Amino acid sequence: MESFGQNIFLVHPEITLAVGAMLLLMIGVFRGDGALKLLSWIAVAVYGVAAVFVTILPADRLTAFNDLFVTDGTARFLKLVIYTASAISSVIAIAYLQRRNINRFEYPILIMLATTGMSMMVSANDLITLYVSLELQSLALYVLASIHRDNAKSTEAGLKYFVLGALSSGLLLYGCSLVYGFAGTTNFEGLRTVLHATLEQPPVIGVLFGMIFVIVGIAFKISAVPFHMWTPDVYEGSPTPVTAFLASAPKVAAMGLMLRVLFDAFGGLSEQWRQIIMILSALSMGLGAVAALGQTDIKRLLAYSSIGHIGYALIGVAVGNHESISAVLIYLVIYMFTTLASFLCVLAMQRNGDQIEDMSELGGLAVRQPKLALAFTLILFSLAGVPPLMGFWAKFYIFKSAIEFGGLPMTLLAVWGVLTSVIATAYYLRIIKIMWFDKSSQDFDKPDYLVNDVLLTATTLFVSPLGWIFLGPLQAAAMLAARALIGSA
Amino acid sequence: MIQALAFYLFASITVIAGMMVISAKNPVHSVLWLILAFFNAAGLFVLLGAEFLAMILVIVYVGAVAVLFLFVVMMLDINFEELRKGFYTYLPFGLLVGAVLLGELAIVGLGWVTSDHAASLSRMPAPANVTNTQALGQILYTKYVYVFQASGLILLTAMIGAIVLTHRTRGGVRKQNIGEQNMRQPSDATALVHVQSGEGL
């Protein structure tokens, strides 16, 4: 039995975020909506403090609060990624929100509460923690999606997200109760012990049903096909900075939760869930590549692109060994930065203070704003996975782990992955062609927000070959994190 | 003996109140009958030794949900005569659904009664000398304190969300400013006028 002090020490990052959110709320209540900028920057500082707490946590696997909470290498890795994405998402929104008169001071606070939920998600060690943390995250995201409440599309996005999110939560809870009913425990370690014992004979059908429902519930959150329906509409309708946030941190957190559930709780049933994950992966890659071809709205296109990317990451989950899990973690980091960078480019597409979403409006960007066009081109090439950019390495490690795993189904999945990324390259190239070769359309607004430009430059440099400097340390960290996850199995 | 008497009293009143909920002409009366049904169901829970559920039923269902129903019924202008029109048309269908449900319950009940090891599954061993409210409190604030606090954060998020999405500053609203009221001097509102007798103002 751990002491109370030890428990508190292990959840320090989460406590920091929760207390930070309340602190921001107090400042916001007294200073009003004008404090948005101040609060956003304080939020960045809070994420920084929480990240410091994460780094001083011990690297071993430790549980707290009667095994409801676990911290290990995987959790620490993912938490740092999530805090980075949240911090970036908080500050890139300021100018957008102010210009549209939706500068509610609650914006960074909701992001921080969502981040608290995500941080708890990747540290979940019990079905109850899983559900509560997922709800904390989702509830904040529903509000963020409809924060532009005078805009019909934004409210529609929020409502749609809410209804489908509630549905997925229902499925998840149903699965949890089935698993609990058949296994007799909600604790992940307990589940692994119990479900391991049934490996000799086929597992009880009720447990399988429960597991499938839990996977479906999480598949909704990572928007894997066929549970992706909400993604394009929500991405299109939400204000652009919110979309940037939705596409980055929550995806990383939900993937982290998926890894936790599959390897910690259902580690003994890997033969059973592998097929499900492979099918989700193949469908996501296929739809992500094909459905995006006909899009004209850049946000919808990026939504389909994110569906496809989740498919690639799921290959690594299906393989399920050290190399593949570290490949998934690397993929998530690179995906997170590239996505944020691509949405920073979309944020730069403003005319007379309006967000431009039609792709054809990018025409002649190479002449009008060559720097932006160059950055966007690099980012799109990276999303497509063209060497020598970082997106290539992300995909490379995933496919490599799948091929090394061997077996016909996994090899076919890898081949299918390569094929779909070739198809997907077509629509990334289309945007690049519009920017460099089509006739010029009207100018966008002059970029007047320094932070966004700095962040865009930094993320672009990260995805460019210069990012290779980070590849070594990133690989080492991801390997450590993967060992923490699988080594415990 | 007394327990059996109490059970039949609570059970029969619950059933009668339930019937009255759907047969009362006035919807407000329906809600009041519903409250009676809730109270008697709470009584049944007490008889089962589940006093926490009984309290929750009274506090949540009577205290909040039924009152909400009353508000809705009273404030919305619903023509209940209109709603009642198709009653006999839909009666066979309703009876059918009811019969299916009853059949399913009967199957579950029969299975439970005839099963050999049902008794061993029926409940967790109850800790001695601890009421279930105490037991819940002990586990909620110790073992599950982490998720308990997280639930608090969820409620905070919900509250912030509700305010963000619905609160707007409206023009033309007169607000009470207590400080201003207290600072108000007699000279701000009254004027002392010297009136000549017999002349008026």
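**Figure 1. Salt bridges across the whole model.** Counting over all chains, this predicted model has 18 salt bridges. Why do such pairs turn up? Side chains of opposite charge can pair when their charged atoms come close. Some of the salt bridges share partners, and in that way R61(A), D72(A), E189(A), R192(A), R260(A) and D264(A) are joined into one network. Disulfides are another story: the count over all chains is zero.

**Figure 2. The meeting of chain A and chain B.** Now let's look at where the two chains touch. On the chain B side, 21 residues are in contact, and on the chain A side, 27 residues. Together the chains bury about 2200 Å², and 78% of that is on carbon and sulfur atoms. The interface also has four residue pairs in polar contact, with both residues at pLDDT 80 or more. Which helices of chain B supply at least two residues each to the side that touches chain A? They are α7 (132-143) and α8 (145-166). The largest share is from α8(B), with 16 residues. Sorted by kind, the residues on this side of chain B are 13 nonpolar, six polar and two charged.

**Figure 3. The salt bridge between the chains, D150(A) with R168(B).** How many salt bridges are there between chain B and chain A? The count is one. In it, the side chains of D150(A) and R168(B) meet, and the closest N and O atoms are 3.4 Å apart. Both partners are in loops: R168(B) lies between α8 and α9 (178-183) of chain B, and D150(A) lies between α7 (127-145) and α8 (152-183) of chain A. As for accessibility, R168(B) is partly exposed at 42%. D150(A) is at 61%, and because exposed means over 50%, D150(A) counts as exposed.

Figure 4. Where does R104(A) sit? You'll find R104(A) in the loop between α5 (94-99) and α6 (106-121) of chain A. The relative accessible area of R104(A) is 13%, so this residue is buried. Its side chain reaches the backbone oxygen of V164(B) at 3.1 Å. If we skip neighbours within four places in sequence, R104(A) is in contact with D33(A), L36(A), I147(A) and R149(A) in chain A, plus I163(B), V164(B) and H167(B) in chain B. R104(A) also has a salt-bridge partner, E106(A), with N to O at 3.8 Å. E106(A) is buried as well, because its relative accessibility is 6%.

Figure 5. Remember from the opening view that the structure holds zero disulfides over all chains.

Technical notes. Residues are numbered from 1 along each chain as its sequence is written. Chains are lettered from A and ligands numbered from 1 in the order in which they are written. This is a predicted model: local features need pLDDT of at least 70, side-chain atom pairs count only at pLDDT 80 or more; totals for chains, interfaces and linings use all residues. Side-chain values use heavy atoms; hydrogens and water are left out. A disulfide is a pair of cysteine sulfur atoms within 2.5 Å. Contact means heavy atoms within 4.5 Å. Buried area is the accessible area (1.4 Å probe) that two parts lose on being put together, summed over both. A salt bridge is a side-chain nitrogen of Lys or Arg within 4 Å of a carboxyl oxygen of Asp or Glu. A polar contact is a pair of N or O atoms within 3.5 Å; within protein, one must be able to donate a hydrogen and the other to accept it, and residues adjacent in sequence count only if both atoms are side-chain atoms. Helices (H or I, at least four residues) and strands (E, at least two) are DSSP runs, numbered from the N terminus. Ala, Val, Leu, Ile, Met, Phe, Trp, Tyr, Cys and Pro count as nonpolar, Asp, Glu, Lys and Arg as charged, and the others, Gly among them, as polar. Buried means under 20% relative accessible area, exposed over 50%, partly exposed in between (1.4 Å probe, protein chains only).
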